[in-house]
Amino acid sequence: SNLKLWEGRFSKSTAQIFDLFNASIMTDIKLFEYDILGSVAHVKMLAKCNIIREDEAKLIIDSLYQILEDFKSGKIEFGISDEDVHMLIEKELIKRIGEVGKKVHTARSRNDQVALDERLFCREKNLYLQELIKTLINTITTLAEENIDVIMPGFTHLQKAQPILFSHYILAYAQMLKRDLLRLRHNYSMTNSSPLGSAALAGTTFEIDRFFVASELGFESVTENSVDTVSDRDFILEMLFSLAMIQMHLSRLAEDFIIFNTDEFKFIELDDSFCSGSSIMPQKKNPDALELIRGKTGRVYADLIGLLTVLKGLPLSYNKDLQEDKEFLFDSIETVEMSLIVINEILKTLKIDKENMVNSCKSGFINATDLADYLVTKGVPFRDAHFIVGNIVKYCIENGKTLEDLSLEEYKRFCEKIQEDVYQFIKIETCVNRRKSYGGTSLESVRKQIDNLKEFLNKL
Ligand code: ARG
């Protein structure tokens with residue numbers, strides 16, 4: 001194989017199969033721009049600290065920017081023999097400016113360099129993910145506002161439980177996403193320390209200024225321990241955990257919507273643009289996009305568990321195992337970004353069948369708790385009220401009736417205290433709107449929830 005920048009101590013060239021095995025360039029090429037920006041800051045610092053001359057720094061920096069430009073216009077060729085993105089760029093630099101280019105790696109190692117590139121990458125992706133999440137929260141809020149008073153059955157155990165507002169239901173997902181957003185912001189601050197200057201593992205003999213590099217690259221601080229720094233991938237794991245959590249939330253929404261979109265439920269109708277057909281059954285319109293969001297959750301979890309497993313039992317400090325981190329990270333980022341965009345479009349194009357939602361509340365004794373609450377207002381202790389209503393429900397099932405169907409005379413057989421006002425009390429609208437407790441499903445509470453959510457987004 002061809003010349004390596006590190007081949008001085010080798011007496012023969014590496015095996016071709018090893019080159020293939022060892023190379024990360026096909027993956028870490030994604031870090032190209034961050035690697036350039038990191039090198040620029042590093043070289044500025046080297047000049048400022050009189051480790052290289054100003055004119056040398058200028059030559060290197062100009063060339064690095066030129067390399068970046070050429071990369072962006074597809075003019076940089078690379079392959080397995082380049083090993084990784086760091087070697088590729090250094091090789092390209094030396095090719096272009098000769099001897100001076102060989103100074104770029106002074107007081108630096110690929111170990112702190114790759115940690116830097118990954119932190120820069122995670123910072124940028126973190127901000128982009130935050131934007132995608134904000135967009136999705138806004139879409140959910142709009143959907144809630146447009147359908148604020150639509151009533152649907154709320155479920156526990158996928159059994160009809162109590163009637164709720166559709167707006168309340170869908171806003172539950174906004175709350176999950178709000179936590180996801182806060183979690184990302186926390187991850188950001190954990191990522192926002194500069195590793196550069198840790199060098200291979202022990203720091204460097206040169207009188208460098210790590211704080212200068214950090215401020216050039218917009219880091220809040222520098223890392224404290226060089227051994228830790230070159231072996232630390234906690235910031236990637238935290239990102240992967242946040243991504244797993246986001247994808248899990250999206251997967252639950254996808255599952256809800258797959259069910260609601262069935263012929264049995266018909267609560268919603270997915271737009272044709274996010275469904276696909278069957279090669280044999282002409283009538284089919286399948287919710288593939290949602291199924292993929294649910295399915296891809298598996299790989300996002302796998303990425304998290306994968307990297308946790310790579311790190312488990314790694315001796316300090318840097319080990320080549322760490323090179324494996326990127327595929328997990330890139331895969332999860334790509335998957336979650338796309339899922340966030342897709343689900344946002346699905347929500348924007350969705351049709352809601354208000355009629356079917358509210359009609360579904362007519363069966364399943366969804367107002368039974370309210371009947372029990374009614375008895376409590378008439379002085380019956382709740383546990384007794386629960387038992388009485390249980391008997392009433394049993395009677396209804398046996399006689400094919402709903403709670404609304406029962407005559408006052410029938411009611412009084414179960415409890416003398418039931419009066420004419422019971423019918424108003426057990427109306428579905430009443431059930432919803434009496435749940436005025438903070439965070440509950442009444443129109444009033446949901447409006448408050450929306451206000452709070454908007455205020456949260458505005459204050460970010
Ligand atoms: N490609 C390597 C990685 O992704 C860069 C660091 C290599 N360091 C080393 N000492 N071999 O981790």
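This is a predicted model: local features need pLDDT of at least 70, side-chain atom pairs count only at pLDDT 80 or more; totals for chains, interfaces and linings use all residues.
Residues are numbered from 1 along each chain as its sequence is written. Local features need pLDDT of at least 70, side-chain atom pairs count only at pLDDT 80 or more, and totals for chains, interfaces and linings use all residues.

User: Why is α3 called roughly antiparallel to α4?
Analyst: The axes of α3 (residues 32–48) and α4 (residues 54–72) cross at roughly 170° and come within 9 Å. Angles run from 0 to 180 degrees between N-to-C directions, with axes fitted to C-alpha atoms over the stretch in contact. Over 145 counts as roughly antiparallel, so α3 is roughly antiparallel to α4.

User: What makes the contact of α3 with α4?
Analyst: Residues including Ile36, Val40 and Val43 of α3 and Ile60, Leu64 and Phe71 of α4. Contact requires C-beta atoms, placed from the backbone, within 7 Å. The contact residues divide into 13 nonpolar, one polar and three charged. Ala, Val, Leu, Ile, Met, Phe, Trp, Tyr, Cys and Pro count as nonpolar, Asp, Glu, Lys and Arg as charged, and the others, Gly among them, as polar.

User: How do you know where the ligand lies relative to domain 1 and domain 2?
Analyst: Domain 1 (7–106) and domain 2 (111–148 + 166–348) both give residues to its shell, so the ligand lies between them. The bounds come from an automatic or database domain assignment.

User: Which residues are around the ligand?
Analyst: Among them are Ser24, Asp84, Arg110 and Tyr318. A residue is near a molecule if its C-beta atom, placed from the backbone, lies within 6 Å of it. The shell divides into three nonpolar, three polar and four charged residues. Helix α6 (residues 110–146) gives the largest share, three residues.

How values were computed
Helices (H or I, at least four residues) and strands (E, at least two) are DSSP runs, numbered from the N terminus. Angles under 35 degrees count as roughly parallel, over 145 as roughly antiparallel, 65 to 115 as roughly perpendicular and the rest as oblique. Two residues are in contact if their C-beta atoms, placed from the backbone, lie within 7 Å.
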